[in-house]
Amino acid sequence: MAEVPATEVPQAEKDELFCAYAAMILKDSELDITEDNLNTLIKAAGGSIDSFFPALFAKMCQGKDIEGMLKFGGGGGGGGGG
């Protein structure tokens, strides 16, 4: 994320970031990504978001391979030509 003061980040982007980070925490904790769990984490972090966002985000995550989406790296660089 670019270096931007939090006050300049649009609310819709903050809502999306809160949900995305909360979903990653829930997945890492092996908990279900539900509206209630998202709201609980966001509230615990001191966040405040539009009420429809957690429900929408939870529905979007249903049935998706979230773990697969969160795996990074492992590709390695190209081999040297020789």
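Leaving aside neighbours within four places in sequence, Leu41 is in contact with Ala22, Ile25 and Leu26, contact being defined as heavy atoms within 4.5 Å. Leu41 is found in helix α2, where helices (H or I, at least four residues) and strands (E, at least two) are DSSP runs numbered from the N terminus. At 25% relative accessibility, Leu41 counts as partly exposed; buried means under 20% relative accessible area, exposed over 50%, and partly exposed in between (1.4 Å probe, protein chains only). The C-alpha atoms of Leu41 and Phe18 are 8.9 Å apart in space, and the two residues are 23 apart in sequence.

The structure is a predicted model, in which local features need pLDDT of at least 70 and side-chain atom pairs count only at pLDDT 80 or more, whereas totals for chains, interfaces and linings use all residues. Residues are numbered from 1 along each chain as its sequence is written, and side-chain values use heavy atoms, with hydrogens and water left out.

The protein chain has four helices and zero strands, in the order α-α-α-α along the sequence. Of its 82 residues, 21% count as buried. The chain exposes about 6200 Å², of which carbon and sulfur atoms supply 53%; accessible areas come from the Shrake-Rupley method with a 1.4 Å probe, and for residues only the protein chains shown count as cover. Among contacts between residues at least 6 apart in sequence, 49% join residues at least 24 apart.

Two packed helices are described by the angle between their axes and the distance between the axes. The axes of helix α1 (residues 11–28) and helix α2 (residues 35–44) come within 9 Å and cross at roughly 105°. This angle makes α1 roughly perpendicular to α2, a class that covers 65 to 115 degrees. Axes are lines fitted to C-alpha atoms, for helices over the stretch in contact, and angles run from 0 to 180 degrees between N-to-C directions. In this contact, Phe18, Cys19, Ala22, Ala23, Ile25 and Leu26 of α1 meet Asn37, Leu38, Leu41 and Ile42 of α2. The contact residues divide into nine nonpolar, one polar and no charged.

A search of the whole structure finds one aromatic pair. The ring centres of Phe52 and Phe53 are 5.3 Å apart and the ring planes are at 40°, so the pair is tilted; rings pair if their centres lie within 6.5 Å, and planes under 30 degrees apart count as stacked, over 60 as edge-to-face and the rest as tilted. Phe52, at 47% relative accessibility, counts as partly exposed, whereas Phe53, at 13%, counts as buried.

Note on methods: Angles under 35 degrees count as roughly parallel, over 145 as roughly antiparallel, 65 to 115 as roughly perpendicular and the rest as oblique. Ala, Val, Leu, Ile, Met, Phe, Trp, Tyr, Cys and Pro count as nonpolar, Asp, Glu, Lys and Arg as charged, and the others, Gly among them, as polar. Rings of Phe, Tyr and Trp (its six-membered ring) pair if their centres lie within 6.5 Å; planes under 30 degrees apart count as stacked, over 60 as edge-to-face and the rest as tilted.
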